[in-house]
Every structure is written in C-alpha cells, then in structure tokens.
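Subject: Structure handover

Hello,

Here is the structure I promised to pass on. Please open it first; my notes follow below.

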Amino acid sequence: MVKDLKNLDEVTIRFAGDSGDGMQLTGSQFTTTTALLGNDLSTLPDYPAEIRAPAGTLFGVSGFQIHFGSKEISTPGDTCDVLVAMNPAALKVNLRSLRDGGIIIANRDGFNDKNLKLAGYDKNPLDDGSLEKFQLHSVDITKLTTLAIRELNLSTKVVERSKNFFALGMMYWMFSRPLESSIKWIQEKFKKSPEIVDANIRVLKAGYNFGETTEIFLARYEVKAAELHPGRYRSMTGNEATAWGLLAASAKSGLDLFLGSYPITPASEILHELSHHKNFRVKTYQAEDEIAGITSAIGASYGGAIGITTTSGPGLALKTEAMGLAVMLELPLVIVNVQRGGPSTGLPTKTEQADLLQAVHGRNSEAPIPVIASCTPAGCFDAAYEAVRIALKYMTPVILLTDGYLANGAEPWLIPDVNSLQDIDVKFHTDTKNFFPYSRDEKTLSRPWAIPGTPGLEHRIGGLEKEHITGNVSYDAENHDFMVNLRHQKIEGIANDLPDAIIEGDNTGDLLVVGWGGTYGAIKTAVQKKRIEGKSVSHLHLKYINPFQKNIGDILKKFKYILVPELNLGQLSQLLQAKYLIPVIKLNKVQGLPFKANEIEAKIDDILR
C-alpha cells in the first residue's frame, strides 16, 4: 500500500517507558540522526532519580522529548505530536503532554494486567475508548521484536532490551530518517558482543520495515533541513559543550587543564567527557568528596594549571569554604555548578535555577566571585570558555552556572573557527627582582601568578588575611578593611571588560522580559510570538550575573514593565530590584521542569491586557 508523504515544518516526539527500556538511548539516537539531516532541534531528557525504579510504576517512567524542524527551534516543545508509550505507566504520566489529535504508538504487549494495575488503570485504555481523541496505534512491539531475532536464540532478557530499537525503527520510517548512523553506532557500541550487534540491527530494521509494510499507518512525514548558519555542526549536550569549552580555553591559553571533581548528578558527564581527552593536556581526578575536589583544583591552579571543579545540588554548599580560600589566595579557578532541584538531595534528575543567590552571596564574610550563566546547551561552550578567560585574567575563582535542562539537553552546535575565539594570554611572573606576591596589575588589580619552586619567587599563601603588597599574614584592622574593598573593587571592575547586553526586540517599549540561564528558549519563543501579534515586548537575557553588564540599568529604565521568569521564587528579581531600585513582575515555577513558552505567553498577555 502506498503511504502519503506529508511535509511538516516541525514535530515533537516523546519516547516514554520504564527506566530500563532504553528510552534515553532511543531518543539520543533519533537526535543524532535528526542532526545529521540538518534539522534544528532541542531535546528534553526526563528520567527518574532512582537508578532502577520498580518496573511498571508511575515514578519509574523515563522519557525523552525531541522537538525538531525545518525552522529555528528554541525549546523541546510545549506539547507532543507523537507519544511512544512502552507501558501503561508511560502513557498515564505523559498523556497530558500530547496534543489533541496527536499520535500514540503503544506497545500493546506492555499493557498486561500487572502493568495496568501498577499504573492505576481499571480498564485497558487501549480498548476502552478513552483515547478516541488521539490517533492510537497499538503495536505488539515485544512480540515482533522476539520474532525478528528468534533465530539467534538469545535470552529473554536480551530480547526485552532490544525492543526500544523496534520503536526507533518505526519512528525512523514514520519521519523519513535513514538507519545508517544508528547501525554504525550499534556496531561500535557493542563490538565486543557480535550477537548483540546482530540482534539490535535486525530489530531496528524490523521496526522500519513494519512501518513500510503494515496497513495501520496511512501516512509518513518529511521534515526538511533547516536553514542554519553555514558551517560544520554536531549535536551537543550542555555538559559536553561545557567540557569542550574548558578544553578550548586550555588549548588557547597553552595551560594544562586539571579537573578535580566528586561525581554527582547531573554534573558527572563533564568529568566523563574530559577524562577522554588526556591527549589535550587534561588531567581528571575523581575525588573522595566535594571538598577534596575543589581543593585539589586550587592546588593545580597554584601549580600553574587551569583548576576546574564541577558539582551540582548540595555539592556547591560543601565547596563553600574552599571557595572562600580561593578568594583569599587570588588564584584562577572555575567552579561549574549544574543546578538541579533541591534543597538537599531534592530532585537530583530534575532542573531548577535556585542556586543563584548562593552563587552570588553564599560564602562567609565578603568573598566576591564572578558568576556567569549559560542559556543554551551549545552556549555552555562559550560560557565555559569565558569563565576560564576571566579567571585567568583577573586571578579569581569564577562560578559557571548551568542547569539540568541545559546539561542533558542537546541541540546543533556550530563548530567555531578557533581563530574566532578571544585570545587568552597568560604570563607567569618570572622577574625575581622586587617580587611581591600581592602586588597588583594597575588595570585588572590581579596579583602576579608565580609558580612555586621558582628560585627567588618563594612566597606564602593560605586562608589568613594578607598584607597588601607583601602577602604576609596580617591582622591589622585597616589592612583588612583595605583588602576587603580591594577584592570587591577587582570583581566589580570586570564589568569594564564585558560587552554591552543586547536586547532581542525594540530598545524601548511596554514590556521587557528579563531572563537568565535555561529559560532562554521558552522566553525567546514566547516573545517572538507576541511580537508577531503586534505587542510591545522585548527580551533581555543575562549571561553575566556578577557583575552585571554596565548598560543593564539604562536598558531597564526604558520599559514600562519588567517581567522576570525564573525556575525559583524570584532570585534574579531580588538582585535587579536591589541594584537598580526598579519594580519587577515575577513569574516563578519550581516543579523540576523547564518553562513552556505558552506559560510565559499567558503572563505577557496578562500584563499587557
């Protein structure tokens, strides 16, 4: 039967199943293939905190959402067009995200009595008519997977694990994607187990051919490549981009890179990624705790390397004292905090933006640290590079904020020309005449970076207050007051080194939506839609939180209303109100999930009504 081929501008698909069903792998493979076809895309991995939650339960559902199109894509999508549900729990948890008329691909074999009971269904939703407003396709995915590889005599467990490739094959057929990249990945990933390679490829092809030959699908779809800026792209997650940004800064500066880190979700992938690049002068150290992680990085900086430490959630609190030490030592250090739901262990696999005030103020005494925030997964590269640049130039610890949404999400990344990256010039102090460890560069107020062990440059460091110029321990009251103000002045002076903030939209008007971090895509989408409707609304997204860029105050004064959407209870709002003495309208959400564009649109409509 000949199927209709329909062109679509954009599509959102959500894969959902048990945490052991391979939904993250399925989604990431679909993402890679989609990126290779030139579509713009954005993804949202959404998985439970438990390593292996009880199968079939609502809290054990793992999901992966991808929004892709032939036009610019800024968010993972507010609602889904297609939901792939491997069991009743996956259907129940995710059905509310499916638009009316959307497509459901349900693994009928997963809808057995046990799973229906675990999900709280009295009747099978595939048969009781409750899904009439959707396009429901019940497919015996598990049985068809078994048939596809029955000749291989594999265990039931192995067969079960392959069924996600059947679902992936169906989606590849439905949206006109080629199989080759996934086949190549399977061959590489499972090269030590030829039988697994054979099984997964057979099942992937079986799913594709099922779509081609079955009568239940009347149409398939095509999403053409997006008109992206010319260049070479690759799919990149936020954590990968962060690691690569640090690598690029290391190469550009000519310094070794040392990462001291204690593994913690969702920051661990940065450690994993950097550990693959020893050939680029990278050393990674899996520390026994957060304190060892940051102090080892401080030690590396003392020795002349770029010291990096990564963390998430309560890990930032544990590093607090050592951050104060780095402030006192005035050594370069980058602290990457991938924010997650909290407090305490909180929601370790969910996203949040609630560490902002801790990053800006969360240390004892006056301990100023620059704070930079990335706003997109690919933007983590630039943010990480900039964090290193500032740390080295101003001899200061820098906090880089990303979040779980950015860290796990992926999008096309335009590989930059290395010559386009800002220069990072590092000069170790070598002159032994009149050397003083706390003398200052007149412009940056940074102190000299003298490598220990260099004859004539011996000096003492530590957490005790330093005497101005000499660096000797000092308890002098006036010296302490002077040094506190000097350290504050050094960080505030970084604002002179920052580019002006740029508004997306008009430079004056009724409403300015101000955001930071991972809310960028949702705000951008909402503002663009309202501007098309003729409303006076613009968008300002902050990448530098401490210090703010110099023109922020002037920008804020040119709008009648200021709206600040945040995934916290209003932390940026507090900072803006305190510094610029302006009224701010807050839009806050703390659900472990990113904003949907329509949530911000509704608030804009409410303000401008």
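Predicted model: local features only at pLDDT ≥ 70, side-chain atom pairs only at ≥ 80, totals over all residues.

Arg340 first. Is this residue buried or exposed? Arg340 has 7% relative accessibility. Buried means under 20%, so Arg340 counts as buried.

Its surroundings come next. Leaving out residues up to four places away in sequence, Arg340 touches Ile264, Thr265, Pro266, Ser312, Gly313, Pro314, Thr345, Leu347, Pro348, Lys350 and Glu352.

One distance for orientation. Between Arg340 and Pro547 there are 23 Å in space, C-alpha to C-alpha. In sequence, Arg340 and Pro547 are 207 residues apart.

Now to strand S2, residues 10-18. S2 is mostly covered, with 8 of its 9 residues buried. Which strands does S2 pair with? One is S4, residues 61-69. S2 and S4 run in the antiparallel sense, over 9 bridges. Thr12 stands opposite His67 of S4. Another is S5, residues 80-85. Here the sense is parallel, and S2 and S5 share 4 bridges. Ala16 has Ala85 in S5 as its bridge partner.

Then go to S2 and follow its pairing with S4 and with S5.

Best wishes

Note on methods
Residues numbered from 1 in each chain as written. Heavy atoms only, no water. Buried < 20%, exposed > 50% of the residue type's maximum accessible area, 1.4 Å probe, protein only. Contact = heavy atoms within 4.5 Å. Helix = DSSP H or I, 4+ residues; strand = E, 2+ residues; numbered from the N terminus. Pairing = 2+ DSSP bridges.
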